[in-house]
Each structure stands twice: as structure tokens, then as C-alpha cells.
Amino acid sequence: MTYDLDHPEIREAVAKLCEGFPGEYWRECDRQTAYPTAFVQALTEGGFLSALIPEAYGGLGIPLSAAAAILEEIHQAGCNAAACHAQMYTMGTVLRHGSQEQKAAYLPKIASGELRLQAFGVTEPTSGTDTTSLRTTARRSGDKYIINGQKIWTSRAEHSDLLLLLARTTSKDQVKKKTDGLSVFLVDMRMVPKRSLSIRPIKTMMNHSATELFFNDMEIPTSSLVGEEGKGFRYILSGMNAERILIAAECIGDAKWFIKKTCNYANERIIFNRPIGQNQGIQFPIARAYSQMRAAELMVREGARLYEAGSTSGEEANLAKLLSADASWAAAEACVQTHGGFGFAEEYDVERKYREARLYQVAPISTNLVLSYVAEHVLGMARSY
Ligand SMILES: Cc1cc2nc3c(=O)[nH]c(=O)nc-3n(C[C@H](O)[C@H](O)[C@H](O)COP(=O)(O)OP(=O)(O)OC[C@H]3O[C@@H](n4cnc5c(N)ncnc54)[C@H](O)[C@@H]3O)c2cc1C
């Protein structure tokens with residue numbers, strides 16, 4: 001089947017929805033450090049967050065490029081999909097590796113929004129990027145697993161029913177490869193006793209609903225295990241390419257928002273009796289950011305095309321994430337600089353988007369780690385870690 005990678009009807013529908021959530025809505029959420037519930041609800045009701053869930057499970061069952069178009073459009077409109085994008089792709093691990101029972105029990109409810117799967121617990125304070133050194137353990141005891149440990153930066157845990165959790169089931173010194181012995185669990189956080197799971201919000205430079213989680217003998221049924229015990233690391237990795245392409249699409253949307261906002265302001269602002277955009281010192285950073293964005297956009301599309309063709313799109317997905325995060329950051333810089341003092345004023349939304357765009361140099365994977373992937377896995381240089 002061939003698809004129009006532009007998905008114009010989807011873009012139009014998303015853009016229309018986003019009109020109901022202008023800058024003032026996001027500024028107010030920011031001021032209150034509030035979760036954008038109404039926005040997430042509208043996206044859920046529109047079915048957009050179920051984009052990648054097959055129709056058989058009640059989702060839209062549309063391709064990755066269409067999901068990317070949804071996220072790009074949200075960001076291009078000045079909104080922020082980081083409040084809920086995980087609902088779109090975190091279920092991929094369950095879809096690909098879960099049992100028939102798990103898929104039947106959870107996917108239709110995730111598709112309808114009755115259940116929120118927005119939380120993904122991998123990163124820990126001591127291990128950081130070195131995922132295989134994580135310390136959270138899951139010990140089997142009869143028909144239960146008992147979880148102990150800590151996660152950090154688990155986004156949206158307070159606004160999610162389910163948590164996809166990566167924990168060690170066999171200690172590192174007892175496995176042949178350090179990537180073995182990790183397992184994935186689909187934890188229903190509504191069912192675990194409050195004393196065994198505490199969720200602590202972390203205030204960040206942007207309104208992101210980040211949290212840290214503490215597990216204290218948290219008991220979950222063995223039916224929470226996704227796929228086979230010990231194979232969790234590769235299950236998580238199998239979802240990374242889709243995630244990279246989707247986040248890259250958000251960055252493209254951000255870059256487009258910044259560029260449009262910057263050009264408008266450059267044309268309107270009169271200083272020394274002429275528009276500031278007449279000065280090449282103003283024009284060139286914007287033109288450069290636009291060029292970077294267009295090149296990155298092509299890589300996002302190539303990543304999505306290969307992914308949809310069933311190819312391993314690791315190189316393209318990583319490059320798409322790297323290039324589009326750089327493009328959105330270049331556009332953010334040009335936007336603040338062009339706005340002069342007004343770039344710092346809340347009412348222009350520039351400073352909010354600037355803070356939001358900065359995240360993608362670090363999460364969900366930091367720039368250095370993408371470069372390391374390219375150097376070692378694409379260019380064949382020696383492993384550095
Ligand atoms: C707002 C926010 C939301 C997040 N949401 C989630 C979430 O929902 N779930 C989740 O599991 N995680 C989440 N993360 C975590 C995120 O994925 C990590 O912050 C990121 O992967 C980097 O890990 P770290 O912070 O531990 O940095 P570290 O691993 O401590 O690294 C610090 C710096 O050193 C660099 N570095 C480390 N090792 C190397 C190396 N070998 N070579 C070169 N440079 C290196 C890194 O690139 C980075 O710049 C979130 C983070 C943030 C800030």
C-alpha cells in the first residue's frame with residue numbers, strides 16, 4: 001500500500017483542533033504547572049493518540065508517517081505533544097511482544113483513552129544513559145514479582161494508569177551479556193498499594209510533569225511480564241526507532257513554528273526606519289535554520305518511509321532525531337535573537353517554546369549518544385563504552 005507521506009487531511013484536522021488551544025492556554029498551564037488535561041482529552045476524543053494501534057484493537061491503525069504528521073502539526077501550531085506523545089508509542093512494546101491476553105485486555109482501552117499508558121520507566125539516577133547498569137530489581141515470588149528500586153525522569157506518571165517498567169530479573173554478574181536479564185513489565189499503577197509506590201514530581205525548566213518513582217517491595221502479578229523474562233532490553237530497543245522518528249517530527253513542527261514567528265516579527269518590527277528583517281544579520285540565521293529544518297524534514301520522511309517498508313531504519317531514525325533537534329534549536333535561537341527583549345516576554349510564547357525545544361538535545365536520547373551510535377554502528381569505529 002502506498003501513502004501520501006504528507007497526510008493533508010490528518011494535518012488539517014489536527015491544526016483545527018489546535019486552534020482551540022492558543023498560546024494563552026499553554027501560558028496558563030505553565031503558570032500553574034498544570035497538566036494540559038483539556039488538550040489531551042481533545043486529542044484522545046479525536047482518536048489521534050490511538051494512531052498506531054491497529055484497527056482490530058480499536059485504534060486508527062495508520063502508518064508511522066501519519067502519526068509523525070499529527071505530532072509535527074501539534075508543535076507547528078505552538079502546542080506541546082510532550083504531555084501525551086507516549087500514549088501513542090509506548091504501547092508498541094505490548095503490541096509487538098505482549099501476549100494475546102495482554103493485547104486484548106489493554107490495547108482497546110488504551111486506544112479509547114479509558115486507560116492511560118503515558119509512563120515509561122527506564123532511566124535511573126545512578127545509571128543514567130548506561131541502561132544495562134540500572135538497579136531496579138524484579139524478584140519472582142510465586143505468582144508475583146516484587147519490585148524494588150528507583151526511577152527518575154519518568155514523565156507523566158501522575159497522569160497515567162499504566163507504567164511500562166524496565167527492571168533487572170537476573171543480576172548483571174550472572175548473565176553472559178549485560179543486555180540480558182532485564183525484563184519489561186506493564187504495571188497497572190491503580191492496583192499497587194500506595195505505600196509500595198511513591199511518585200514525586202520534579203520541577204523542571206518547562207512544564208513537563210516529570211517525576212521520580214520509588215518502589216518499595218511493590219508486588220505485581222506475574223501476568224504483568226511482557227514477553228519473555230530477561231529479554232526486556234531488546235523489546236525496549238525495538239521501539240526506539242519509532243520513538244526517534246516521532247520526536248524528530250515534533251522538532252520539525254517546533255522549527256516551523258519558530259521560523260514563522262521569527263519571519264513575521266522580522267517583517268513587522270521597524271527599527272532605524274526599516275524592518276529589522278531587511279538586515280542580513282537578522283535574515284541569515286533564520287535562512288540557515290530553515291535550510292537545516294528542510295534537510296532534517298527529509299530525513300524524518302526517509303526514516304518513516306523505511307520504517308513503514310519494514311526495514312531496519314536505525315541509522316535514519318537516529319539521524320532524523322539528531323538533525324531535527326539541531327534544526328529546532330537553531331530556529332529557537334534565531335527566534336529569541338530576532339525578538340530582542342520581547343523574546344524573553346511570556347506573552348510572545350517564544351521563551352516557552354525555547355525552553356520546551358531545549359529538551360530534545362537531551363531526551364529521550366542525548367545528542368552525544370546519537371553521535372556515538374553513528375560513529376560506532378554506522379561508521380564502524382571502535383566502541384567507546
Ligand atoms: C524532562 C525529561 C523527561 C524525561 N522523560 C523520561 C521518561 O519518561 N522515561 C525515562 O526513562 N527517561 C526519561 N528521561 C531521561 C532521559 O532519557 C535522560 O535524561 C537522558 O537519556 C540522559 O540521561 P541522564 O540524564 O542520566 O544523563 P547522563 O547519562 O548522566 O549523561 C549526562 C551527559 O553526559 C553525556 N554522556 C554520558 N555518557 C556518555 C558517553 N559515553 N559518551 C559521550 N557522552 C556521554 C550525555 O550525552 C549527557 O549529555 C527524561 C529526561 C528529562 C530531562
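**Backbone features, helix packing and ligand shell**

Pro364 is placed in the loop between H12 and H13. In this predicted model, the peptide bond leading from Ala363 to Pro364 is cis, and its omega is near -5°. Thr33 belongs to the loop between helix H2 (23–32) and helix H3 (37–45). Most residues other than glycine have a negative phi, and most peptide bonds are trans.

Helix H12 (residues 350–358) packs with helix H9 (residues 240–268); their axes come within 11 Å and cross at roughly 150°. H9 is therefore roughly antiparallel to H12. The crossing in which H9 passes H12 is left-handed. On the H9 side, the contact is made by Asp254, Trp257, Phe258 and Lys261, and on the H12 side by Val350, Lys353 and Ala357. By class, the residues of this contact of H9 with H12 comprise four nonpolar and three charged residues, with no polar ones.

Helix H13 packs with helix H11 (residues 314–339), the axes lying 10 Å apart at an angle of about 145°. The crossing of H11 and H13 is also left-handed. Glu315, Asn318, Lys321, Leu322 and Ala325 are the residues of H11 that meet H13, where their counterparts are Thr367, Val370, Tyr373, Val374 and Val378. In the contact of H11 with H13, six residues are nonpolar, two are polar and two are charged.

The shell around the ligand takes its largest share, three residues, from H13. Strand S1 (117–121) and helix H13 (367–378) each provide at least two residues of this shell. At the level of domains, at least three residues of the shell come from each of domain 2 (117–230) and domain 3 (237–378).

There are 23 residues around the ligand, of which Val122, Gly128, Thr129, Trp153 and Ser366 come nearest. By class, the shell around the ligand consists of eleven nonpolar and twelve polar residues and has no charged ones. Charged residues are present, by contrast, in the contact of H9 with H12, which has three, and in the contact of H11 with H13, which has two.

Note on methods:
Residues numbered from 1 in each chain as written. Predicted model: local features only at pLDDT ≥ 70, side-chain atom pairs only at ≥ 80, totals over all residues. Near = placed C-beta within 6 Å. Helix = DSSP H or I, 4+ residues; strand = E, 2+ residues; numbered from the N terminus. Nonpolar A, V, L, I, M, F, W, Y, C, P; charged D, E, K, R; others polar. Domains from an automatic or database assignment. Axes fitted to C-alpha atoms, helices over the stretch in contact; angles between N-to-C directions. Parallel < 35°, antiparallel > 145°, perpendicular 65-115°, else oblique. Left-handed = near helix turned anticlockwise from the far one by under 90°. Contact = placed C-beta atoms within 7 Å.
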